[in-house]
Structures are given as C-alpha cells and as structure tokens.
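Good morning, colleagues. Please take a moment to look at the sequence and the model on the screen.

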Amino acid sequence: LRPSPSDNVQTTQSGPVAMALDGLKRRITGSVGLLKGKRKVDEETAKDLSRSLRKALLEADFNVRQSKELTERIERRMLEEEPLPGVKLETHAMNLIYTELVRLLGHPREILPHNQTILMVGLYGQGKTTTTAKLADWWRRRHGVKVAVIEADVHRPGAFEQLQQLLEGTNVDVYGEPEEQDAAKIVRNGIIEIGNADVVIIDTAGRDSLDESLREELVEIAEIANATERFLVIDAQVGQAAGPVAETFHGLVGVTGTIVTKLDGTARGGGALSAVSATGAPIIFIGEGEKVQDLEKFESDRFISRLLGLGDIKGLIDLAPGDLDQEEAARLAQRLMSGRFTLTDMYSQMEMMSKIGSVEKMLSHLPDAMFGGMGNMSTAQKRQMQGNLEKYRVIMDSMTQGEKDEPIVLKSSRIRRIARGSGVEEKDVKDLLAQWNRSRKMMRGMKGDRSFRRKMKSMMDVDDIDLGMG
C-alpha cells in the first residue's frame, strides 16, 4: 500500500501529534545526535546536550521553568547513569528524555463510567460544545453506558441546535431549553429530566474573559450540579497562557481535569500541555480534529512515545471499532508474522484498515522505523496510500478467490481481464501485484527478525496468543 520508492515525495513526519508540536521531534533527534560516535559522556557533552534540548523545548513553547528543570535532570542522569550493556548512548539519552517528559506531563487519571456528572467550563471559542459532544460519544462508544447532555449555554445562539446536530444518531439524550435565559434553571430541570443516566455532561457558556456575571452564573451552576468532575476545556493555541486560565477556573469550581482541544495545527501545543500540567489539573483528553470521534484519552507515556517517533501500538489497537472481528484479526496477524501473505490476506488487511480510520491517523501510531519507515511517511504519501487502498480493493473484487489465494498465477491475459472488470489500466493491476510482492518480502523479513517479534508481542500484549512466530 505504500507508495513505491520511485515516487519522488519528500518523507517527513506527519500525524496530529507531530503537527501540533511541529519540529520538536526533529530538534530532539538533532540534540541526541551530539552523542553519535561517543562511548562515554563527559560534563561538556552533557551540558551541550542539555542546552540543545532546552532550546528545542522552548521553541515548542514549553514552560521555561519546567524546561530548565527537565533538562537539568537529564544532564545529571546522563552523567550519573551508565547505559545498559549493548545500548548506544543515543538510545540511552532518548530513553531518559522519554521518561522525563512523561514525568513532566504526569500520570493519567482513570474515571469510572458510572454515576458521573461532568461540568464543562472554559473561555469562549475553545471548542467546548464540540468537545462536550465528543466526550459524550466517547463514553457511549467505549463503555456502552447511557449518556445524557445538558446544554446550559444561554448566551450563544444555536448552541443547543449545534449539540443536537453533533450527537444526532448516537442515542445520547440532549436536554435544553432554547428560549430560557436562566442557565441555572435549565441545569436544575435537566437533572430532574435526564439525571438518571450513567454519565451526565453539562455544557456551560464561555466568555472572552471571566466577567462577574459569568463567574456568578458558573458558581451557581456548579452548586446545583454538584458535579463529580469539573473539566476545563482549553485551546492548544493559547500556549503557556493555559496555566493562568486553569488556575482561574480552578478557583471558581475546583477543576479536576483538563481537555486540550485543537491539538492538530499549532506549534504552541507544548506550552498548553506543560502549563496545564503545572496547575495540578491533569490532562484527561486531547482533541485532534473536528469529527465527534476525534477525541483521545490522554496517556502521557503513549503520547510522548508517538511524539518522539517511538510509536503507540496499543493506541492503534484502541482505534479499532467494537465490530472489528477479533478472531479474524488474530488469524491475520498469525499469517502475516509467519511470512505467509496472499492477496486474500492483503484484502482483509485493507478492510480492517478502513474500519480503523484514515491511513494518516493509523500510521501516526506506528514507530518511525516500523515496516520500512511507514510511520515516517509524508502527508502526500499517506494521501496516495489512502487512494491506493480504495483502488486496490476494487481491483481485487474482480479477481477469483483462487487468484487472490495464489497471486503467482496472474499473467498477462488474467491481468487484462481484471483491468477491464475493475475499470482500471493494466498498469494499476501490475502496481497492485508489485505492492503485494514488496509486502510479502517485508513480512518474510519480519519472520526472521527475532528482536522485532519479541517487541511486537510485548507491545500488543499477546504473549498468551500463538502468532505462529516460532
């Protein structure tokens, strides 16, 4: 499915996380490159690494104080801790950077999906109503519980209609009183009407600044709701200003968690993440797009792993929808890792990929070096790959089952027939066969790579499943 080497497209990292903190991974990699060829770290080298890393973090808008503390810890650990036997200094340094960034952003909070009332607060224009819909749908999809939403924004015209439209067809109850101007009254009535749901989410009004009337309204709503969680919704573009905003709302309602939105197109995302982490209100979710499904539970270890190009295989598995055939997925994994790979397997692989989501979203979870560097493909290459997915499936629909099981029989006359039947050029059929052959060779290579197989077993938590890896 990957564009062939002849496609003259520059390869750069892509994906939501990479876009949000554009250049940080490249700068960190450059900093770690200072260690190349060295067997031991002296004080001068450790200081050079520390200065370079600090510059990288500051350019990504990370908090100044936190950047200083983090790089000083890395510098100290580089001098005090010896790499494990056989581990290069660059790898050792990247591991230290990973653990320190995870420590900076904190550990995730687990919130039970029952008897929850969640109050959503934030300034105007932060994506609060959209995030309310995303959160409601996330709880419904992930936990299968009854979710209801109360729209209490009486200041923005169309807020109730927007929430209804976003959640249309999701079985999430949406309560609102579009003609009512008393937000506290709406919340009180809404709790009476739909408060028996497992999860009740209350969307409130935002302002450009927290004026006195908004403060009073918010405090009154908080008292009525008696919410188990109070989530602050904040736009990644506000950067380090996220810290003071979080502290202000915390003083009003006691913020228990933060949702960072629009983390898909701003270099200031590092500032928002680090500033919020300093307030003690942990990041619970991050939003990375406009669709209702574009909400991700924030787990610092997996987030930083993706950011540094190390991948997030468990996160990729989490993208899979509930109706994905798990037995078929395990069977396909066994065949792929055993080196046996037919067009039938390739077709199954494509079907699963289409269920998981876009190619770009899926590949953003792969380690950069995995599958010959597929996790490090450019946006243009990923779009081409998405087009190939759709075209190749149509071509294979024109093949017999025997041809898909034994692609080696596909010679000129069969290729002409398949091209006519699928409405494509013969070249497209040959491209598909060339891609299949490249994929087959890659799978055979993975079969012989014991280190890779061990890593895949570990990352996928499949030690108890026979993948036929030997």
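Predicted model: local features only at pLDDT ≥ 70, side-chain atom pairs only at ≥ 80, totals over all residues.

Residues are numbered from 1 along each chain as its sequence is written, and side-chain values use heavy atoms, with hydrogens and water left out.

Five of the five residues of E7 are buried, that is, under 20% relative accessible area with a 1.4 Å probe and protein chains only. E7 pairs with strand E6, residues 257-261, in the parallel sense over three bridges; pairing requires at least two DSSP bridges between two strands. Here valine 260 has isoleucine 286 of E7 as its bridge partner. E7 and strand E8, residues 295-297, run antiparallel and are joined by three bridges.

I turn now to the second largest cavity. Which strand gives the most to its lining? Strand E5, residues 229-235, does, with three residues. The residues lining this cavity include Gly122, Gln126, Leu232, Val233 and Ile234. By class, the lining holds six nonpolar, two polar and no charged residues; Val, Leu and Ile count as nonpolar, Asp, Glu, Lys and Arg as charged, and Gly is among the polar ones.

Key:
1 Å grid on protein atoms, 1.4 Å probe; cavity = no way out; pocket = protein on both sides within 12 Å on 5 of 7 lines; lining within 4 Å. Helix = DSSP H or I, 4+ residues; strand = E, 2+ residues; numbered from the N terminus. Buried < 20%, exposed > 50% of the residue type's maximum accessible area, 1.4 Å probe, protein only.
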